[in-house]
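Hi,

Here is the model we talked about, with the sequence alongside.

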Amino acid sequence: MTAHPREATVVLGIETSCDETAAAVVSGAQTVLSSVVSSQIELHARFGGVVPEIASRAHVDLLTPVIAQALVEAGLPDGGVEAVAATVGPGLIGSLLVGVSAAKALALVWDVPFVGVNHLEAHLYAGFLEDPSLELPVVVLLVSGGHTLLIHMEDHGRYRLLGQTIDDAAGEAFDKVARYLGLGYPGGPAIDRVAMDGDPEAIRFPRAMQDESYDFSFSGLKTAVVNHVRRHPEVGTADVAASFQEAVVDVLVTKAQRAAQAVGAKGMVLGGGVAANSVLRERFLDACTADGMHAFVPSRAMCTDNAAMVAAAGWWRLRSDGPTPLDAGGDPNLRLPVVT
Ligand code: KG4
Ligand code: ZN
């Protein structure tokens with residue numbers, strides 16, 4: 001195949017950057033024929049976080065059956081896969097290499113192109129996968145366990161970084177506060193659940209960096225939660241969780257909305273694991289509606305790590321850059337390619 005995929009080119013996507021082993025078959029960056037995600041959460045829960053060595057071993061065990069299931073569910077004829085895309089970074093190097101090696105081997109055997117995909121770019125494409133009517137430019141708020149980025153997506157593959165966290169990522173703050181409150185791992189869903197019974201106005205936690213910039217800071221907020229609980233041991237966990245969540249969501253949505261207005265975006269897109277948060281989803285949509293902007297909040301399954309978004313981003317990369325050489329490896333510190 002040439003560097004120019006057809007509209008309906010069928011891509012097998014593989015995702016193994018962290019603790020999700022995933023494979024998906026997507027036609028033309030738009031039609032999901034199958035998407036299989038096997039979560040390792042239970043393997044890591046008792047350690048309170050992802051253990052890299054356990055993660056890579058689990059990927060080795062799980063990846064072949066996950067790919068097989070994705071291929072069977074897609075119901076393709078022999079030779080139906082026309083390109084294989086895999087996440088090459090950022091992520092845990094041992095985990096990344098499991099997916100990258102499998103993808104290269106399959107690409108060689110099937111004689112189709114291999115495409116290395118940036119995990120962050122894949123999250124950006126999750127929104128487009130579910131709503132092809134999205135018009136560019138858009139502002140994307142990408143909030144995950146490792147990243148908090150505000151991106152002006154001017155065109156396909158053309159990103160401008162508007163702001164990012166200067167310390168903890170939003171998901172990291174959820175995970176750390178949940179651990180402190182004894183809510184377990186992963187922290188985001190636990191806080192989301194517990195906060196439903198709490199009062200978001202109970203405690204006024206600080207909103208950091210409410211200046212002109214689009215950067216974020218969450219480590220002071222985490223410290224404020226710890227200090228408050230130490231000073232007021234009688235405080236209800238649900239109120240702390242709800243007030244913490246309110247502070248995070250408030251800053252995220254206010255900055256994303258201001259950025260979208262400033263750059264004249266046609267829409268706002270939410271992405272990354274934290275985009276599964278129920279209050280963030282609601283507030284984000286409200287902010288867009290108030291501004292008459294097209295809002296897109298992908299389904300929860302599409303927000304958290306999956307391989308359909310990898311296949312979609314792979315299709316676009318194949319179109320812009322052509323196949324990735326088979327001697328390319330994984331890069332744990334890969335950054336989103338941005339224009340300056
Ligand atoms: O994108 P993702 O699946 O993995 C990374 O690439 O990091 O994001 C995982 C992060 C974790 O920090 C998790 O606690 C957070 O997303 N998360 C949530 C929710 N569901 C997952 N945070 C807040 N509320 C949720 N409902
Ligand atoms: Zn992710």
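Strand E4 (residues 83–89) is mostly covered, with 7 of its 7 residues buried. Bear in mind throughout that this is a predicted model. E4 has a parallel partner in strand E1 (residues 10–15), to which 4 bridges join it. Ile14 has Ala86 of E4 as its bridge partner. E4 also runs parallel to strand E5 (residues 114–118), this time through 5 bridges. There, Thr87 has Val117 of E5 as its bridge partner, and Gly89 stands opposite Asn118 in E5.

Those strands belong to an open sheet of 5 strands with mixed pairing, in the order E3-E2-E1-E4-E5. Which strands stand at the edges? They are strand E3 (31–39) and E5; each has a single partner strand, so one side of each is left without a neighbour in the sheet. From one strand to the next, the twist averages 20°.

Two helices to look at on this sheet: helix H3 (residues 93–110) lies across E1, E4 and E5 and runs at about 160° to E4. H4 packs on the sheet too, touching E1, E2, E3, E4 and E5, and its direction makes about 90° with that of E5.

While you are in this part, click on Ala24, which lies in strand E2 (residues 20–27). Buried or exposed? Its relative accessibility is 0%, so Ala24 counts as buried. Leaving aside neighbours within four places in sequence, Ala24 is in contact with a set of residues that includes Val11, Leu12 and Gly13, Ser34 and Ser35, and also Ala307, Ala308 and Ala311. Ala24 and Ile67 are 43 residues apart in sequence, yet their C-alpha atoms are 7.5 Å apart in space.

At the E8 end, strand E7 (residues 148–155) pairs with E8 in the antiparallel sense over 6 bridges. The hairpin of E7 and E8 has 2 residues between the strands, and Gly157 takes a positive phi near 75° in it.

Next, helix H8 (residues 237–263). At 1.5 Å a residue, its 27 residues should span 39 Å, and the end C-alpha atoms are 39 Å apart, which agrees. H8 is mostly covered, with 19 of its 27 residues buried. Just after H8, Gly264 takes a positive phi of about 70°.

On to the metal. Which residues coordinate the zinc ion (ligand 2)? They are His119 (NE2), His123 (NE2) and Asp305 (OD), at 2.1 to 2.2 Å. Along the chain, these donors follow the spacing H-x3-H-x181-D. His119 lies in helix H4 (residues 119–130), whereas Asp305 is in the loop between helix H10 (300–303) and helix H11 (308–321), so the pair ties together parts that are 186 residues apart in sequence. Both His119 and Asp305 are buried.

Last, the overall layout. The domain assignment of the protein chain gives domain 1 as 10–125 + 303–321 and domain 2 as 135–298. Taken over C-alpha atoms, 27 Å separate the centres of domain 1 and domain 2. The contact takes 17 residues from domain 1 and 18 residues from domain 2.

That's the lot from me.

Cheers

Key:
Residues are numbered from 1 along each chain as its sequence is written. Chains are lettered from A and ligands numbered from 1 in the order in which they are written. This is a predicted model: local features need pLDDT of at least 70, side-chain atom pairs count only at pLDDT 80 or more; totals for chains, interfaces and linings use all residues. Side-chain values use heavy atoms; hydrogens and water are left out. Donors are N, O and S atoms within 2.8 Å of the metal (3.2 Å for Na, K and Ca); water is not among the atoms, so sites may look incomplete. Buried means under 20% relative accessible area, exposed over 50%, partly exposed in between (1.4 Å probe, protein chains only). Two strands pair if DSSP finds at least two bridges between them. The expected span of a helix is 1.5 Å times one less than its number of residues. Domain bounds come from an automatic or database domain assignment. Contact means heavy atoms within 4.5 Å. Axes are lines fitted to C-alpha atoms, for helices over the stretch in contact, and angles run from 0 to 180 degrees between N-to-C directions.
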